[in-house]
Amino acid sequence: MSARTSSPETSPEATEAPHRAGFACFVGRPNAGKSTLTNALVGQKVAITSNRPQTTRHTVRGIVHRPEAQLILVDTPGLHKPRTLLGERLNDVVRTTWAEVDVIGFCLPADQKLGPGDRFIAKELAAIKKTPKVAVVTKTDLVDSKTLAEQLIAIDQLGKELGLEWAEIVPVSAVGDQQVGLLADLLVPLLPESPPLYPEGDLTDEPEQVMVAELIREAALEGVRDELPHSIAVVVEEMLPREDRPADKPLLDIHANVYIERPSQKGIIIGPKGKRLKEVGTKSRKHIEALLGTPVFLDLHVKVAKDWQRDPKQLRKLGF
């Protein structure tokens with residue numbers, strides 16, 4: 001399978017092609033660039049990104065609108081060997097999603113040699129016979145052309161070994177905005193013929209409260225010591241327009257709880273004299289205001305939900 005680079009001019013006949021719409025999902029081991037790629041394709045921040053593995057916990061759909069097609073991107077958690085009940089639930093989410101989409105993009109970072117994690121996912125993908133699979137080589141801005149060529153050959157080889165047929169192999173850089181449009185061009189023909197499934201202008205079907213919680217969690221993850229990433233969950237308790245405000249000066253009150261697993265983690269999140277929690281609030285508020293298009297008053301509280309990752313009742317309460 002040859003790797004694709006830069007797109008040719010569209011032929012006149014292509015304009016009369018039937019409209020296509022369908023679901024694509026990106027898979028890959030944690031931190032393979034799936035969420036960053038989703039955001040780059042949609043052109044706006046719909047998936048939470050972080051350089052910490054396993055940041056994504058909710059299936060976020062980003063919607064790419066084109067005159068001839070609608071590509072709905074389903075962002076799943078990274079598949080991994082689970083150590084907790086939360087880990088097992090996340091893996092179940094991934095497998096269910098794979099079974100329901102029209103095309104699967106397997107993200108493999110250009111700057112890391114293929115490892116056991118990639119092979120583990122590739123084997124699972126090989127078992128899904130009907131769905132077309134595209135190998136997406138991410139983070140190409142981090143490597144030279146020789147390293148990239150070696151990675152493309154290795155991916156082709158991996159497919160042959162496992163009987164996994166790639167519909168395409170596409171190198172992209174979401175950060176450098178290289179070949180992102182080409183990837184969409186190659187995914188669209190793999191979708192079924194269908195009228196648009198979402199209204200024009202919708203970028204995601206994720207409830208606003210969930211997206212707000214994710215933005216707060218992203219800000220809370222930044223700069224936190226390594227033991228915390230999986231211990232943080234955020235629940236937005238309420239989002240209400242402030243009463244008695246003039247129509248031209250609305251204010252949205254958002255009350256949210258940041259949950260951690262142990263009392264000792266509270267100090268890490270709050271920081272000396274509450275400095276860290278304040279930074280989390282300021283940073284996430286900017287993103288929330290950009291997302292909702294309205295000024296926001298954000299009220300954050302840190303609470304302990306003991307060992308919530310292992311407790312079915314707590315998991316349900318926190319939305320898993």
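Two strands count as paired here if DSSP finds at least two bridges between them. The model is a predicted one, where local features need pLDDT of at least 70, side-chain atom pairs count only at pLDDT 80 or more, and totals for chains, interfaces and linings use all residues. Residues are numbered from 1 along each chain as its sequence is written, and side-chain values use heavy atoms, with hydrogens and water left out.

**View 1. The whole chain.** We've got nine helices and nine strands in the protein chain; these are DSSP runs numbered from the N terminus (helices: H or I, at least four residues; strands: E, at least two). Of its 320 residues, 48% are buried, meaning under 20% relative accessible area with a 1.4 Å probe, protein chains only.

**View 2. An open sheet of three strands.** The order is β7-β8-β9, and the pairing is mixed. β7 (233-241) and β9 (296-304) sit at the edges with a single partner strand each, so one side of each has no neighbour in the sheet. From one strand to the next, the twist averages 15° (axes are lines fitted to C-alpha atoms, for helices over the stretch in contact, and angles between N-to-C directions run from 0 to 180 degrees).

**View 3. Where β7 meets β8.** Eight bridges join β7 to β8 (residues 252-260), and this pair is antiparallel. Look for Val235: its bridge partner in β8 is Asn257.

**View 4. Helices on the sheet.** Helix α7 (residues 263-270) packs on the sheet and touches β8 and β9, a contact being heavy atoms within 4.5 Å. The direction of α7 makes about 155° with that of β9. Helix α8 (residues 275-292) lies across β7, β8 and β9, and runs at about 135° to β9.

Conventions:
Buried means under 20% relative accessible area, exposed over 50%, partly exposed in between (1.4 Å probe, protein chains only).
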